[in-house]
Amino acid sequence: MAIIATEELGKDYHLGPHTVHALRGISVSIEPGEFVAVMGPSGSGKSTFMNLLGCLDRPSAGRYWLDGQDVARLSRDQLATVRNAKIGFVFQMFNLLPRTSALENVELPLLYGGISSRERRQRGRARLQAVGLADREHHHPSQLSGGQQQRVAIARALVNDPAVILADEPTGNLDTRTSVEILALLQRLNRQGLTIVLVTHEPDIANYASRRLVFRDGRLRTDDHAEPLDAVEALKSLPEEDEAVA
Amino acid sequence: MLLQALRIALRSLKVNKLRTALTMLGIMIGVAAVIAMVSVGAGAQARVAEQIQSLGSNLIIVLSGSSNAAGVRLGQGSQTTITEDDASAIAREVPLVQVAAPSSRGNAQVVYGNLNWSTGIQGVTADYFEARDWPVEVGRPVLQEDVDGATKVALLGQTTALNLFGDADPIGQIIRIKKVPFTVVGLLSRKGQSSWGQDQDDVILIPLSTAKKKVLGVSQANARSVGSISIKIRPDEDMAEAETQIRALLRQRHRLQPYQDDDFWLRNLSEVLQTQEESSKVMTYLLAAIASVSLLVGGIGIMNIMLVSVTERTREIGLRMAVGARSRDILTQFLVEAVTLSLIGGVIGIALGIGGSNAISALAEWRTVLAPSAIVLAFGFAAAIGIFFGFYPARKASRLDPIEALRYE
């Protein structure tokens, strides 16, 4: 069964007398364990699509099943509960809480899931370890490098064992080497069975995904599968930095 | 969840220490002002209440009525219509009455050595001291034996003693009232001014019988007549009811027909002071109201800062929503922050208010009374202001669109 299935999904925005069709009739199915890159120029509708996939917004038309649940017509608070249980977000700007330790940042989604503090701590630590930052749990975001901050954000996205990870330009604020390192991490998680949808406008980044969805003018133009590049291999060809990000 | 919200609130308040302190200052000043002002007002009230106590708060005085001789009406007390027997009848037959003491008053020149002084001479019985709540400071009061035997003993008020004896001890000395020698057996405690400014300590008390025989003279019409009766009503009894019963008894004893006016006057002295007490109460409310305005301004300060905080933390709100915070969670978080702000300010304000109240009483020598109810009220008011002024910013935060909030720069 598909993790994500949309049927004629559409989104209109009303700007005064004009109606903007940001998204028109998108029907897509994403299976468990896929690594999908969503591409397209700005204004193509890829951001709108991601907002709908992320249950941050409701579609104007069509249907959307997330992990078998019809979520197209849920209320604001119901969507919040679905986001909490089913989706892990990774943002371009990391969006970590300032002056808050890495561990507490990772625990944040569990706070809204009503998990006991002991279990929060335990799961938070496990996820930080999974992204290789076990020794940084008490560091604040300002004490971490960009790559480390994005790893904390990925740990946060993983902490609720979501059905899918939605990454919105996760490497947009990182240098090339760190970007590939983050992609290596995502590929590793993907091989462990995690479904990942990644938004990017850089074809280089999209090459690490196994499937590409290209949007243009609110429609899905291309949907093709390709053999992905291996980020670990790619790292070997990149010049070593002075200090490798752990 | 609430505990969690409290932790988040404390952390975000710690981040901007100066801003937090300044915002709290508004609430602190407001709460402190309410407490200090109410304590000043309560102090004034307590002073009035004490005056009532010193007068005898449950005192009714019966005075002789006016006479009407061939259509010419003379003033109050011009006719001696009430008697010692009225006094004992009141004490005996009205159960609300604790004690009823007859007395007669006149003025006389008093001589001690080469000093002399004109003062009020009050002929009293042993009950007078209880009726007037007027203890003897040194020596002894007038006793029943003094009244029975018409002994020539006198008690001096503080003012009289000062004018005749200065600092010397008057006890055992002989003074002359209308050339009659009296032995001073006691000095009365200080009573102070009456509510209409009369010096109550400018007086000499002597036995009623002696007063009639030797000093004030006996009324031609009735040898038993007296000028007034001081009646003390039992504690916590209804003064108005007691007055009604006393009036009925006296009318009956004086054989007055329903169409006739009273031939006596009933005075309830506490009425005057109760009016004063009312006005000082109004003053307390007024002071509290003025102080509350500053509390209100403090609340607006909280709202202002919370609105700034919501704007500043838009991305944080967006993130919390993205990872699963419901509107209610965000609302709680910001509401708890506002209430925490106002409650911490409130606690400090209470401390400041108590300190301020003590400072006022110490520096201005102005009596203040710290009412626990005022403290509880001010604290509750601070919490209510936190909720009231925190609600709008918190609701604004909880209604943000997560997509917009996440993108906010």
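Against which strands and helix of chain B do the buried residues of H8(B) pack? Before I answer, a word on conventions.

This is a predicted model, in which local features need pLDDT of at least 70 and side-chain atom pairs count only at pLDDT 80 or more, while totals for chains, interfaces and linings use all residues. Residues are numbered from 1 along each chain as its sequence is written, and chains are lettered from A and ligands numbered from 1 in the order in which they are written. Helices (H or I, at least four residues) and strands (E, at least two) are DSSP runs, numbered from the N terminus.

I begin with confidence. The model scores ipTM 0.93 and pTM 0.71. For chain B, the mean pLDDT (the predictor's confidence in each residue, from 0 to 100) is 86, and 92% of the residues reach 70 or more. Within chain B, the lowest confidence lies in strand S2, residues 68-69, with a mean of 53, and the highest in helix H10, residues 314-322, at 94.

Chain B is divided into domain 1 (2-51 + 275-407) and domain 2 (57-268), with bounds that come from an automatic or database domain assignment. The centres of these two domains, taken over C-alpha atoms, are separated by 57 Å.

I return now to helix H8 of chain B, residues 239-253. Its 15 residues reach 21 Å from first C-alpha to last, close to the 21 Å expected at 1.5 Å a residue; that expected span is 1.5 Å times one less than the number of residues. B:Ala242, B:Ile246 and B:Leu250 are buried in this helix. Here, buried denotes 20 or more other C-beta atoms within 10 Å of the residue's own, exposed denotes 12 or fewer, and partly exposed lies in between, with C-beta atoms placed from the backbone. Seen down the axis of H8(B), the buried residues fall within an arc of 60°, so they line one face of the helix; the arc is that of the directions from the helix axis to the C-beta atoms. On the other side of H8(B), B:Ala240, B:Glu241, B:Ala248 and B:Gln252 are exposed.

To answer the opening question, the buried residues of H8(B) pack against strands S1 (59-64), S4 (97-112), S11 (228-233) and S12 (264-268) and against helix H3 (84-93), in chain B. Contact here requires C-beta atoms, placed from the backbone, to lie within 7 Å. After H8(B) comes B:Arg255, with a positive phi near 50°.

Two further residues other than glycine have positive phi. A:Arg99, with phi near 55°, sits in the loop between strand S7 (87-90) and H3 of chain A, and counts as exposed because it has 12 C-beta neighbours inside 10 Å. B:Lys179, with phi near 70°, lies in the loop between strands S8 (174-177) and S9 (180-188) of chain B; B:Lys179 is exposed, with 9 other C-beta atoms within 10 Å.

B:Trp366 belongs to the loop between helix H11 (327-363) and helix H12 (372-398) of chain B. With 14 C-beta neighbours inside 10 Å, B:Trp366 is partly exposed. Leaving aside residues up to four places away in sequence, B:Trp366 touches B:Val40, B:Gly43, B:Ile360 and B:Ser361.

Finally, the contact between the chains takes 19 residues from chain A and 16 residues from chain B. On the side of chain A that touches chain B, helices H2 (76-86) and H3 (102-111) each supply at least two residues, and the largest share, 6 residues, comes from H2(A).

Technical notes
Contact = placed C-beta atoms within 7 Å.
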